[in-house]
Amino acid sequence: MLGVTAAVAQDDPLPQGFETQPLIKTGLSRDDDPIVYPTGNPEVISVIGTLTKNGRTALHEHPVPVYVYIMEGEVELRTEGKEPHRYKAGEAFIETQNRKHQAFNASDMPTKILVVFIGEQGKPTTVVTE
């Protein structure tokens, strides 16, 4: 019986009674590039980062898929060859892979960001390019 229940629930893999608010479901990055998974031994790394008021990240790129959720504040993403885009608290996106980009705090307060890297053991998730 358990096998039948699991087969029927494939479209909704979450347990009953667990309420969710969908954030994102996509096979593309924020720049409409396909997500490319690494090979080898998988490793998921999750961090909460804070961009201080007027703060920014270094110019960098990611060789792995990266899920980003803005917890507080607002960021402006600037990607090589693309128009800047802003994301506010409560918004999520898949970061661009293998393309230089930079995040700037676009609010008057620190901006908190949840970042989840879908990487490979022993390989970098971020490459600083500046």
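Which residue's side chain does Glu76 meet in a salt bridge? I began my entries on this predicted model with that pair, and I find that the side chain of Glu76 meets that of Arg86, with an N to O distance of 3.2 Å. The two residues come from distant parts of the chain, since I place Glu76 in strand S4 (residues 74-79) and Arg86 in strand S5 (residues 85-88), ten residues apart. I then looked up their accessibility: Glu76 has a relative accessibility of 14% and therefore counts as buried, whereas Arg86, at 44%, counts as partly exposed.

Next I searched the whole structure for salt bridges, and the search returned eight. One of them joins Glu95 and Arg30, whose side chains meet at 2.6 Å, N to O. This pair also links distant parts of the chain, for Glu95 lies in the loop between strand S6 (92-94) and strand S7 (101-105), while Arg30 lies in the loop between helix H1 (2-8) and strand S1 (42-51), and 65 residues separate them. I note that both Glu95 and Arg30 are buried.

I also looked at Lys123, which forms a salt bridge with Glu120, their closest N and O atoms being 3.9 Å apart. Glu120 counts as buried because its relative accessibility is 15%, under the 20% cut-off.

Last, I turned to the aromatic rings, and I record one aromatic pair in the structure. I also record that the charged end of Arg78 sits over the ring of Phe104, at 3.8 Å from the ring centre.

Terms used
Residues numbered from 1 in each chain as written. Predicted model: local features only at pLDDT ≥ 70, side-chain atom pairs only at ≥ 80, totals over all residues. Heavy atoms only, no water. Phe/Tyr/Trp six-rings, centres within 6.5 Å; stacked < 30°, edge-to-face > 60°. Lys NZ or Arg CZ within 6 Å of the ring centre and 35° of its normal. Salt bridge = Lys/Arg side-chain N within 4 Å of Asp/Glu carboxyl O. Helix = DSSP H or I, 4+ residues; strand = E, 2+ residues; numbered from the N terminus. Buried < 20%, exposed > 50% of the residue type's maximum accessible area, 1.4 Å probe, protein only.
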